2 protein chains.
Amino acid sequence: MGWTDGYIAVDWGTTNRRAYLIDGTGKHADEFEDGKGILSVAPLGFGDAVAEIRRRLGDKPLLMAGMVGSNRGWREAPYVSCPADLDDLAKALVWAGDREAIIPGVSYIGEGRADVMRGEEVQLLGAAAVGLVDPHALVCHPGTHNKWALLRHGKIHSFRTVMTGELFSLLKAHSILADLLQGEVEANEAFKQAAKHALYEEALTADLFAVRAGVLLGQAKKEDAATWTSGLLIGSDVRIGLSVPDGAQIHVMGRPELTRLYAAAVGQAGREAIELDGEQCFLAGIHEIAKRISH
Amino acid sequence: MGWTDGYIAVDWGTTNRRAYLIDGTGKHADEFEDGKGILSVAPLGFGDAVAEIRRRLGDKPLLMAGMVGSNRGWREAPYVSCPADLDDLAKALVWAGDREAIIPGVSYIGEGRADVMRGEEVQLLGAAAVGLVDPHALVCHPGTHNKWALLRHGKIHSFRTVMTGELFSLLKAHSILADLLQGEVEANEAFKQAAKHALYEEALTADLFAVRAGVLLGQAKKEDAATWTSGLLIGSDVRIGLSVPDGAQIHVMGRPELTRLYAAAVGQAGREAIELDGEQCFLAGIHEIAKRISH
């Protein structure tokens, strides 16, 4: 029973996991998502967690990406250094069992800084492999920790992480702005105005407090506060991402509700971003790696 | 029993309160501090909370500043607009009882933004009144929400709040950096280097994630992470504060463990900051306002 009869792809993150059944023809035949991220699995509980996936999707080999390969996951898969492509990832698979392979993350050291990713590399390189992004491109991958990756010759050449998603969550859950941030975030005029402000006048940690002061003093609408705050954070993020001097095409890859916001902010910088669905890129990347497994 | 027989000054914040007995000669005779900030007092519980203060310090009139005058406090004291001085504050006292006065906060609207303070105005104007700061000065007041205030002719002319303290607390309590931020923060070389980095290369939301990646990849020492992160946040804060084009003397007012850090970061910007003890400034400002109460 090898990989040619199909397999299960798992995008296993910190708080969620998403599993896909891929049949022998490479088609995505079934899937499910649940909240059993690695933090909810006990250190010795991954065997059971995997058995549960197989009960739901079939008794197939597993190819996993994401935080499942971190030091808090099932088995640590050491980072592959930049520049990295799908061959490099496939060669560095870590086997947690005979039929359970974990894809390593990617690390970058350069420009006086260090960075890491786990999970996004499959999407980035998958998209490049099937021609969804150019071999030379600047790709933004929003999420809890947004990644700006520079592709060169189809490899991940360098990347930079921005904590935007986590900061918004922290502010929404625990800060003095919390009651103002419970509303919906929309890619509307207020969002674009906030993003533009943060793109050109960097004072994020002051602008965040001004959200509250503006509402208190009747200078801003309470119902715009979540959108405005998100615009400030994403505008600041895009300013950092575009500080790489590069004319490459910009892509934004991920969940559509996030790519829409980032594409709007990129537009405020006078650039255009092509939006890509992250799930499609993930499946493309996983399948390229599965094809490289010979046993 | 008027104010000439002495009074009690209370700096009543969100999570703490500090009460001082000032005797008839203006001397600070006794004090205590506890965790009974306004969030721990029920809406109708301020009478009891004040009775407790009097049991400890004596049956004197009370002059209060800080969040006790906010819409979550005892009685709301509407903001006084900039430019504001001690006379403006004294005229706008709000009386919660016959012998219980609340000092209003100060608001600023200008340069396309809005801002508010509650509590810091007493320290800022108190220091100016007794000559601890020049009538024209740039004063930094670190805390949960750092304030950069520009004094002109001894009045608060304008100010800007930076969320530095709250962001550090959020990161330490709830973020992916939490386990790295439990150590002591020191005004050492690592702090200065981080502050300088943030002063001249603004990418705070990326630099924060790089703290974790640097430790993971062995590029940074785990024991420096709290100091480095604080240096990034305070450096970014000082960059915002010094963006006011002004050659005025810089003062940093507050708790010594914080003023030391800010003074070090200001030094990295090639400027010099005079450190002032916030408590001394508070008592000076309170006493100036008490002198203006005629009944």
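Predicted model: local features only at pLDDT ≥ 70, side-chain atom pairs only at ≥ 80, totals over all residues.

Colleague: At what angle do H6(A) and H7(A) cross?

Modeller: They cross at roughly 170°, and their axes come within 10 Å. Angles over 145 degrees count as roughly antiparallel, so H6(A) is roughly antiparallel to H7(A).

Colleague: Which residues make that contact?

Modeller: From H6(A) the contact uses A:Leu204, A:Asp207, A:Leu208, A:Val211 and A:Val215, and from H7(A) it uses A:Ala225, A:Trp228, A:Thr229, A:Leu232 and A:Ser236. By class, the contact of H6(A) with H7(A) has seven nonpolar, two polar and one charged residues.

Colleague: And between the chains, how many residues are in contact?

Modeller: On chain A there are 34 residues in contact with 34 residues of chain B. Elements that each supply at least two residues of the chain A side include strand S9 (113-117), strand S12 (155-162), helix H6 (204-216) and helix H7 (225-241).

Colleague: Which element gives the most to that side of chain A?

Modeller: H6(A) does, with nine residues. By class, the side of chain A that touches chain B has 18 nonpolar, 10 polar and six charged residues.

Colleague: Changing topic: where is A:Cys281 found, in terms of helices? Is it buried or exposed?

Modeller: A:Cys281 is found in helix H9 (residues 278-291) of chain A. It counts as buried because it has 27 C-beta neighbours inside 10 Å, the threshold being 20 or more.

Colleague: What is A:Cys281 in contact with, beyond its neighbours within four places in sequence?

Modeller: The contacts of A:Cys281 on that basis are A:Gln123, A:Gly126, A:Ala127, A:Leu132, A:Met253 and A:Leu276. As for A:Gln193, it is 88 residues from A:Cys281 in sequence and 31 Å from it in space, C-alpha to C-alpha.

Colleague: Over in chain B, at what angle do H3 and H9 pack?

Modeller: Helix H3 (residues 120-129) and helix H9 (residues 278-291) of chain B pack at about 80°, with their axes 7 Å apart. H3(B) is therefore roughly perpendicular to H9(B). Residues that meet there include B:Gln123, B:Gly126 and B:Ala127 from H3(B), and B:Cys281, B:Phe282 and B:Gly285 from H9(B). By class, this contact of H3(B) with H9(B) has eight nonpolar, four polar and one charged residues.

Colleague: What is the strand order in the open sheet of chain B?

Modeller: The six strands run S3-S2-S1-S4-S7-S6, with mixed pairing. S3 (28-34) and S6 are the edge strands, each pairing on one side only. From one strand to the next, the twist averages 20°.

Colleague: Which pairs in chain B are parallel and which antiparallel?

Modeller: To take one of each, S1 (residues 7-12) and S4 (residues 62-65) of chain B pair in the parallel sense over four bridges, and B:Val10 has B:Met64 as its bridge partner in S4(B). S6 (residues 94-97) and S7 (residues 100-102) of chain B pair in the antiparallel sense over three bridges. S6(B) and S7(B) form a hairpin with two residues between them, and B:Gly97 has B:Glu100 as its bridge partner in S7(B).

Colleague: Lastly, which residues of the largest nonpolar core touch the most other members?

Modeller: Of its 212 residues, they are A:Ile8, A:Met64, A:Tyr262, B:Ile8, B:Met64 and B:Tyr262. Leaving aside neighbours within four places in sequence, B:Tyr262 is in contact with B:Cys140, B:Pro142, B:Ile234, B:Val238, B:Val252 and B:Ala273.

Notes
Residues numbered from 1 in each chain as written. Chains lettered and ligands numbered in written order. Axes fitted to C-alpha atoms, helices over the stretch in contact; angles between N-to-C directions. Parallel < 35°, antiparallel > 145°, perpendicular 65-115°, else oblique. Contact = placed C-beta atoms within 7 Å. Nonpolar A, V, L, I, M, F, W, Y, C, P; charged D, E, K, R; others polar. Pairing = 2+ DSSP bridges. Core = buried A, V, L, I, M, F, W, Y, C linked by C-beta atoms within 7 Å. Buried ≥ 20, exposed ≤ 12 C-beta atoms within 10 Å, placed from the backbone.
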